[in-house]
Amino acid sequence: MKTTNEINGSQLFFIIFQTQVGVGVLSLPYSLYAKAGADGWITLLITGVAIQLIIFMLYFLSQRFPTLTLYEYAPKIVGKYVAFVISILYIAFAIATAVIVLELFETTIKTWILFRTPMLAILLLLTVSGCYLALGKIKVMGRFYQFVSILILPLVIMAAYTLKDADIRYILPIGQSGVGTILKATQQGIVSMLGFEIVLFVYPYVQNKGKSALKSLTLANIAVTSLYTFLTFATYVFFSPVQLQMIPEPIVYMLKGVSFVIVDRVDLLFLSIWIVSVMTSYVSYLYIAGRGIQHITKRKKATWPILIAAIIALTFSMFSHDRYTVEMISGYHAKASYFFALGFPLILLCFSLIFKKKEEL
Amino acid sequence: MRRSNRKAKRNKPYQIPTTTESHDAFFTIEENKDYLKAQFHHSEDLKYRPISIQDIGCLLVYLDPLVDEDKLQQTIIKPLLTKDELKIEDTVTAKEFQRSMNLYDAVSGLTKGFVMLLIEGQQYFYLFEAFSARSRAVSEPVNEQVVRGSHEGFVENIIQNLQMLRRRIENPNLVVRFFKVGKTTDTKLAIVYLQHLVNPDLIDEVEKRIKSIKADSIQTPGYVEEFIEDAPFSPFPQMLSTERPDRLTAHLIEGRIGLLMEGSPSTLIMPVTFFAFYQSPEDYNSRWYIGSILRLIRVASFIFALGLPSLYIATVSFHPEVLPAELILNIKSSLENVPFPPLLEAFIMQIILELLREAAIRLPGPIAQTIGIVGGLVIGTAIVEANLVSNMMIIVVALTAISSFAVPSYEMSMSIRLLGFPLMLLSATFGFIGLVFGLSIVLIHLCGLETFGTPYFSPLAPFRLNELKDSIVRLPRWLLGKRPSDVRPQYERQEWFSRGWKKNEDD
């Protein structure tokens, strides 16, 4: 029986939210601290505002072509050949993101939980279950993301529990690094909060477009910003400045010290839940890549394109990687991501405004 | 006051017609027959028997499942034909009769087991009582027992089953459609639903799928289930199989379709959600918070039955450090003398359990108890003393088994226990990571599964907060104003301020 493949407002919210929350959350406090010192959590708030502006832009672009994805309307704006290049670039970007997610996932699992398990086995776990989810339709992703978002609650509770050992003096005086440094560190924040660009690819499936979709987008941004700010804040008041400079994954370290009545190692629970968030980010990018490949190869079903994207991502992530190469690649990826989250959509929006290109309804 | 007036007039089309819908009878049999047909939505259990009295055409109309054949023969047809007179009152020996010109009486009478006699050229007609009070030695279905509530169970005779339904829903909108399937057996199938309530697309879809069955024989509803279900490779049952008329009735009124089969007491309900398997008619019979707690316990039982052994395996073989020191010492000391890895222990115990269950089913009651003693006491204690399986594992497996049997549906409890095996494998290879991925895959499957266009895991995915109150818990009936929206019924409201008296009392 045929059913519609639509997502409602709250599912859109959770798709954006879960795509944004991902691998980055573990190392974010550390990398922010390196840039903005103890004021890193303020940076995140400013990042949230910056992202809101980008979201407005993405929304206006999507709203001009309410039933098309970026792959479908790009040719209408900039012509067939340029659009082809842009599509290829987006596919490459999505696959690269998936590769980075896979690599960071693998290194984290290897450091914290499974020390001797072969790399391929861990990567395959994520790839297989991720493919299974991505092969379902967007509504299945929406339902799944919505359901697993309940798991964010225990994460927050665990982190909040550590506040009992917090020392507020660690972050005082507020604003010590100066406005310039704080603003500059925004770059770091934006990179770890990427994922909102998925709206360019899921917007046509949203049931109620227009204002209510914008509301979901904004709420998702607010939720992610507050979650990240809270987690970062919690680590900043838990560790002293000297400790923070040395600990690459402060949230997990912080939880390692906590124990509840029957759970001694809270960090293991935290990581187990975090896996689900990693999986959702991975699946989102797999979906973007798969839909792109489907579009340029003009296939009817997205099954093979998604599998191909997954296989490419798996192959690339198989290359040996230590923490430093991963960091280097993420650095390049971060610079490129500005183009994909901000640059290209902005150009497309400008062109479509100048040449008055709009979807005829 | 005004509200109640409005209510009486505006009855919903699927509900029982009120007196306002009365209609004068026609003079010809044909017109009357057409009217009745339309009123019963061409339900196929409405039967006609033409007879002629003094060469005037007459027609007997009745709802087959509700009418006693003996009564019909002895008190109505036989006297009419032997006397061959139009003095109907003196001829028919039925214990109750009515003469009327209002077709509304006919419709409501037919649903109560009356036989209608139409006479050509006369506007009035007769209604004779021929209700089949015959109820067989009704027994409760053994696999769906309840403490409080109806103890009636379906039987092998499809007409008698329809009678039980018709008695529970005395409504002309209850439609029965018969199908003949099986090229060699020509088995009789029937689908039942409430016209004007069920989503018409759903009816078309079910009919389409049943009509496409091309097989030699249909011997159990299981055959039909496998032919028409959406995802044949899913481990989860997608249709609720029940032998309880009250359960079927409750689902029909929610806007679902029931499927009955000749020769089988179990009926199928479609489409259902996952949570339908965790509901028991009993929930509505006890106080609402008891019902709610029971439901919550059953949901917890699902999680235990699915994940407890895997969680235990992952913990003891990968992450014992998660547990506090005192607990680890206990567990590790019981594991010390066991030569097998936890996974193997769990498999041994689970397989023994399944063997015991399978053996006990086939045996008559008293001997089954012996099996229970041999299995539970002898194997249970001996296997620990022989150091083949640890104490902890026995506890875990026992808890799993008990949890899985707490599910009110047999197939679901089997499915869950079987799903536990791959999860155990995953957690024995990857620890918590494997368990999380395994559970994620199960969850993805549940989110993606759709039966007849309804999401299987509704109201959790897609999330509908409003409908949690009759799935995870059971709030008082008067708070459940709307039907579950997963089946997209034509009318959502099912309750209209039943506690309105409270307001009047306060004045």
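**The largest pocket**

Both chains contribute here: helix H7 (138-148) and helix H15 (266-297) of chain A, and helix H10 (288-317), helix H11 (325-335), helix H14 (391-405) and H16 of chain B, each supply at least two residues of the lining of the largest pocket. Helices are DSSP runs of H or I, at least four residues, numbered from the N terminus. This is a predicted model, where local features need pLDDT of at least 70 and side-chain atom pairs pLDDT 80 or more, while totals for chains, interfaces and linings use all residues. Residues are numbered from 1 along each chain as its sequence is written, chains are lettered from A in the order written, and side-chain values use heavy atoms, without hydrogens and water.

H10(B) gives the largest share of that lining, ten residues. There are 41 lining residues, with Ile303(B), Gly307(B), Leu311(B), Leu435(B) and Leu439(B) nearest the centre. A pocket here is an open set of points on a 1 Å grid over the protein atoms alone, where a 1.4 Å probe fits, with protein on both sides within 12 Å along at least five of seven lines; lining residues have an atom within 4 Å of a point.

Now the interface. In chain B, 34 residues are in contact (heavy atoms within 4.5 Å) with 31 residues of chain A. Three salt bridges cross the interface, a salt bridge being a Lys or Arg side-chain nitrogen within 4 Å of an Asp or Glu carboxyl oxygen. Glu450(B) and Lys139(A) form a salt bridge through their side chains, at 3.1 Å, N to O.
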